Amino acid sequence: MSDLRYDPVFDVWTAISEIRRERPIEFVPIEQSFKQLICPFCSGNEQETPPTILALDQAAQMISGDSEKSWLARVIPNKYPTYVAGVEAISEQIGPFRRSTQPGDQELVIPTPRHLYSLSELTPCEFATGLRAAQLRLAEKEAQREVAHAMLFVNCRYDAGASIAHIHFQMIGSPVTTSALEGRAKRFLTTGSPSNSLMAEILEFEQERRVRLVRETEDFVMVCPFASRMAFQVWIVPRDSAIPFWEISEEQRGQVAELSQYYVERIERLLGKPAYNWMLHQLPFAHRATDHWLIEIVPRVSKTAGYEMGTDIWVNPVAPETAARQLRV
Ligand SMILES: [Zn+2]
């Protein structure tokens with residue numbers, strides 16, 4: 001359980017979560033740890049994790065009980081959560097500060113029982129089934145509204161924040177929203193109509209200019225954003241973002257997998273298997289009617305330094321037009 005603290009000077013929340021210090025870190029020192037650890041996410045080691053919340057088979061159908069061994073994607077609670085479901089909400093003012101304990105949740109989606117390290121190593125079916133499992137959990141969170149916002153993401157390799165090497169998605173349901181999320185919700189709807197939104201205008205412009213366009217499918221466009229904060233940053237944007245992520249079709253899950261894997265394979269060839277983050281950016285659930293989600297993937301090829309931390313102005317040594325050209329080849 002974490003202690004949520006609000007910083008009135010910088011207008012940000014911090015989750016003080018000391019249980020996170022107890023996590024096994026598989027990466028440091030990597031050789032020793034690999035010898036000591038049984039991977040809890042591999043098939044046959046299910047007893048090493050908390051009980052399964054949801055399991056899907058090859059056909060993305062739900063399975064349970066004895067058939068659990070034949071899972072392709074498995075959802076489990078995070079063993080070291082920052083937020084816990086069902087705790088009593090407590091809020092208090094301490095001098096100039098606000099702190100609170102609030103319910104949230106934290107789950108992991110393991111998209112393969114095989115010991116793989118990167119999204120590029122998954123079969124398209126494994127990737128898409130992992131996305132299906134995440135959709136089912138997000139739909140439930142949206143319906144229950146016990147959390148204000150849910151973030152789905154992948155931390156691949158140590159420099160991206162991973163502690164377990166076996167590739168997996170994480171889902172964090174936060175009890176609070178932030179001014180950054182609320183600000184994004186306002187900016188998305190500059191014109192008041194989802195079909196005539198900021199994102200629709202950006203897509204139209206990028207498809208016309210094509211210099212930052214990386215790849216397209218029937219329902220998605222992959223671009224390097226105009227003001228990329230980090231080298232080789234990309235967005236995967238749905239052409240029709242009025243459909244929430246948890247309601248996209250099997251065909252569309254396949255397209256998200258295809259574009260994500262195309263990109264990760266490219267950066268792994270160009271940049272020598274960098275750490276990277278894959279993130280589904282959604283608005284808080286209260287903005288469901290106006291959500292404009294997108295997927296962002298960022299290789300962690302540079303460190304965040306004092307200037308970026310101090311100003312939130314990022315210095316990027318690779319122009320998005322150059323990155324897009326290299327990613328298209
Ligand atoms: Zn494993």
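Where is Y83 found, between strand 5 (73-77) and strand 6 (90-94)? Select Y83 to start: this residue is in the loop that joins those two strands. Helices (H or I, at least four residues) and strands (E, at least two) are DSSP runs, numbered from the N terminus.

Before moving on, note that this is a predicted model, in which local features need pLDDT of at least 70, side-chain atom pairs count only at pLDDT 80 or more, and totals for chains, interfaces and linings use all residues. Residues are numbered from 1 along each chain as its sequence is written, and side-chain values use heavy atoms, with hydrogens and water left out.

**Stop 1: around Y83**

Y83 counts as buried, at 10% relative accessibility. Buried means under 20% relative accessible area, exposed over 50%, and partly exposed in between (1.4 Å probe, protein chains only). Now show the contacts of Y83, where contact means heavy atoms within 4.5 Å. Leaving aside neighbours within four places in sequence, the contacts of Y83 include S2, L4, A15, D105 and G173.

**Stop 2: two residues with positive phi**

Select D11, in the loop between strand 1 (3-7) and strand 2 (12-16). D11 is not a glycine, but has a positive phi of about 55 degrees. This residue is partly exposed, with a relative accessible area of 36%.

Next, select F232, in the loop between strand 12 (220-223) and strand 13 (234-238). F232 also is not a glycine and has a positive phi, of about 65 degrees. Is F232 buried or exposed? F232 is buried, with a relative accessible area of 8%.

**Stop 3**

Colour the strands in the order 4-3-5-8-10-9-14-15-13-12-11: they form an open sheet of 11 strands with antiparallel pairing. Two strands pair if DSSP finds at least two bridges between them. The edge strands are strand 4 (62-63) and strand 11 (213-216), each pairing on one side only. Strand 12 and strand 13 pair in the antiparallel sense over 4 bridges. Select F220 to see P238 of strand 13 opposite.

**Stop 4: helices on the sheet**

Select helix 2 (residues 124-144), which packs on the sheet and touches several strands, among them strand 3 (54-56), strand 9 (149-156) and strand 14 (276-281). The direction of helix 2 makes about 145 degrees with that of strand 3. Axes are lines fitted to C-alpha atoms, for helices over the stretch in contact, and angles run from 0 to 180 degrees between N-to-C directions. Finish at helix 7 (residues 320-328), which packs on the sheet, touching strand 11 and strand 13. The direction of helix 7 makes about 40 degrees with that of strand 11.
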